[in-house]
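Hi,

Here is the structure I promised to pass on.

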Amino acid sequence: MICPFCSANLLYKERPNRTCSRCDRRFALEPRTNSLRMSDLRLRRLLEKRTDGGRLKISVNQLGAAALPRTAGKSQSPVVEALGCLWVPLLVGTILLVAGLGPADMDGFVIAGGILVLIFVIGMLAALIGGRKQQTTDPLSGFRSLIRNDWTDVYGSLPSGVVDDFPYRTVHVPEGARIALLCPDRAVAAFVVANGIPERYGVVVATEIERLPEGMPVVVLHDASAPGCRLVMRAREELPGRTVIDAGLPPRAVMSTPGVPARRGDKPARDLVQWLGGSGTLTKAELEWLARGWTVSLVAVRPARLYAAVTRTVERVAATTRTDPERREAEAVGFLTWPGEAGR
């Protein structure tokens, strides 16, 4: 590891207690002891890229999303992986059991076969339980702990250019507000506020429908997930007569795109999926993707692209009138899409 202070190339034994043996200064992140293999210098390189060279401010979760390994488009189920490792004991155990049940004295075969089958059963149960825990665990929790504990312990504050989450149940109301932005992701809401979008375009930022101001068109920014898609429909139901524009990340933009960091969590309730299907706004393929528990978070979108999408949306809303056909068209169109390789 390279020391972030004196640039010495240090072996693990040369940096005990996260302290450089050359300059005696303590660094924040030890790559050998965190699952992301994160070091101070690597984090700074990620920060430089994600902030577009310091032009943008980003949230802790947006920085963490860049540090997470990308997953493949297909499910990497722990149960499937365990089956790939344990099919040999199952096969051999089954053969031994069948052979041991013959007329000859084959008690040893029965015992050995039973042990192998038991190993298979235990292994599959462990994979099933572990898979459920993995699905319900926030993949960014470990990164947040590194930044808010280890990093601030050494440097005294969050990294330069990184902001904390939007305050809980708070509404940001700039002077001359004329558009409301609903974004339940507090990390993304903090990103929007930190980069001056509310003041520049007159945008109220809220994380809950109940706290939206009256009389303004509403832009909904959401994840590609079942709850995210539901939020748009819920807003239209609870805000009758209001213009509600879906500016989120639609499933169709990400579910078949290579390289997208899709993650599989708990499956949504069946009645929620049926309710989404009844809306007529999602295709059968999108509903099936959502029903399997897949999601792509807004924090995974490159900040520069997210900033451009949000500003483009609020500019368009501000420029249109209530009777403008472009506004009616915008209500049904997601502004945020996932870039191809050329767009990254």
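Below is what turned up when I went through the aromatic rings and the charges next to them.

One thing to keep in mind: this is a predicted model.

Let's start with the rings. A pair of aromatic rings is described by the distance of the centres and the angle of the planes. There are 2 aromatic pairs in this structure. In one of them, Phe-5 and Tyr-155 have ring centres 6.2 Å apart and planes at 40°, so the pair counts as tilted. What does this pair link? It joins distant parts of the chain: Phe-5 is in the segment before α1, while Tyr-155 belongs to helix α5 (residues 141-155), and 150 residues separate them.

Tyr-155 also pairs with Trp-151, and this pair is tilted too, at 4.4 Å centre to centre with 35° between the planes. Both of these residues lie in helix α5, 4 residues apart, which is about one turn of the helix. Put together, Phe-5, Trp-151 and Tyr-155 make one aromatic cluster.

Now for the charges. The charged end of Arg-32 sits over the ring of Tyr-12, 4.1 Å from the ring's centre. Elsewhere, Arg-230 lies over the face of Trp-275, with 5.8 Å to the ring centre.

Cheers

Notes: Residues numbered from 1 in each chain as written. Predicted model: local features only at pLDDT ≥ 70, side-chain atom pairs only at ≥ 80, totals over all residues. Heavy atoms only, no water. Phe/Tyr/Trp six-rings, centres within 6.5 Å; stacked < 30°, edge-to-face > 60°. Helix = DSSP H or I, 4+ residues; strand = E, 2+ residues; numbered from the N terminus. Lys NZ or Arg CZ within 6 Å of the ring centre and 35° of its normal.
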